[in-house]
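Hello,

Here is the structure I promised to hand over. Please open it first, then read my notes below.

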Amino acid sequence: MKPEPSPAGRALQAAQAALAAEHAAAYGYGVIGARTPGARAAEAREAYGGHLARRDSLARTVRELGGAPRPAEAAYALPFEVRGPADAERLAAEIEDRVAGAYSDLVRAAEGPLRREAADALSAAAVRAARWRGVGVAFPGLTEKR
């Protein structure tokens, strides 16, 4: 039986997972920005910048927790083909849901200031997902049980 990681180990694992989600979000927003016109393009650029800032912050956090930050992949598989603005908006909402899920795990694993930062990131991702989707979800970051 594999031993349970320590609280610090759980926080490091969750921070690494959130970092991976931020890498994937930055990649996805590159695709979204290329297929989103007008005001939504500005929203995509703003979200892209926010994900880069959180990515950089998480890399520092991982180092502070004693880990080596996960590097970004060269490319990421998108969950569906993005042909136009409607697909781009759907992708943005899905990306934000995935980011919210990663931060939800970090909220559970972390304590103190890191927990607060993770909760803020979870909230920001949920707001962006609702904006892209046009409607919010009851418990962002948690997978819905059916």
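Which residue with a positive phi follows α2? Gly-66 does, and its phi is near 95 degrees.

Some ground rules. This is a predicted model, where local features need pLDDT of at least 70, side-chain atom pairs count only at pLDDT 80 or more, and totals for chains, interfaces and linings use all residues. Residues are numbered from 1 along each chain as its sequence is written, and side-chain values use heavy atoms, with hydrogens and water left out.

**Helix α2**

Helices are DSSP runs of H or I with at least four residues, numbered from the N terminus. Helix α2 covers residues 38-64. It has 27 residues and reaches 40 Å from its first C-alpha to its last. That is close to the 39 Å expected at 1.5 Å a residue (1.5 Å times one less than the number of residues).

**Two residues to look at**

Start with His-51, which is found in α2. His-51 counts as buried because its relative accessibility is 0%. Leaving aside neighbours within four places in sequence, His-51 is in contact (heavy atoms within 4.5 Å) with Glu-22, Ala-25, Tyr-29, Glu-96, Val-99 and Arg-128.

Then try Ala-59, also in α2. Ala-59 is buried because its relative accessible area is 14%. Not counting residues up to four places away in sequence, Ala-59 touches Leu-19 and Pro-69. The C-alpha atoms of Ala-59 and Arg-70 are separated by 7.9 Å, and the two residues are eleven apart along the chain.

**How the helices pack**

Two packed helices are described by the angle between their axes and the distance between the axes. Axes are lines fitted to C-alpha atoms over the stretch in contact, and angles run from 0 to 180 degrees between N-to-C directions.

Take α1 (residues 7-34) and α2. Their axes come within 9 Å and cross at roughly 155 degrees. So α1 is roughly antiparallel to α2 (an angle over 145 degrees). The crossing is left-handed: the near helix is turned anticlockwise from the far one by less than a right angle. Residues in this contact include Leu-19, Glu-22 and Tyr-29 of α1 and His-51, Leu-58 and Ala-59 of α2. The contact divides into 15 nonpolar, four polar and three charged residues. Here Ala, Val, Leu, Ile, Met, Phe, Trp, Tyr, Cys and Pro count as nonpolar, Asp, Glu, Lys and Arg as charged, and the others, Gly among them, as polar.

Next, α1 and α3. They pack at an angle of about 170 degrees, with their axes 8 Å apart. So α1 is roughly antiparallel to α3. By class, this contact has 20 nonpolar, one polar and four charged residues.

Last, α2 and α4. Their axes come within 12 Å and cross at roughly 160 degrees. The two are therefore roughly antiparallel. Their crossing is left-handed. Among the residues making the contact are Arg-40, Glu-43, His-51 and Arg-54 of α2, and Glu-117, Asp-120, Arg-128 and Trp-132 of α4. The residues here divide into six nonpolar, three polar and seven charged.

Best wishes

Definitions and conventions:
Buried means under 20% relative accessible area, exposed over 50%, partly exposed in between (1.4 Å probe, protein chains only). Angles under 35 degrees count as roughly parallel, over 145 as roughly antiparallel, 65 to 115 as roughly perpendicular and the rest as oblique.
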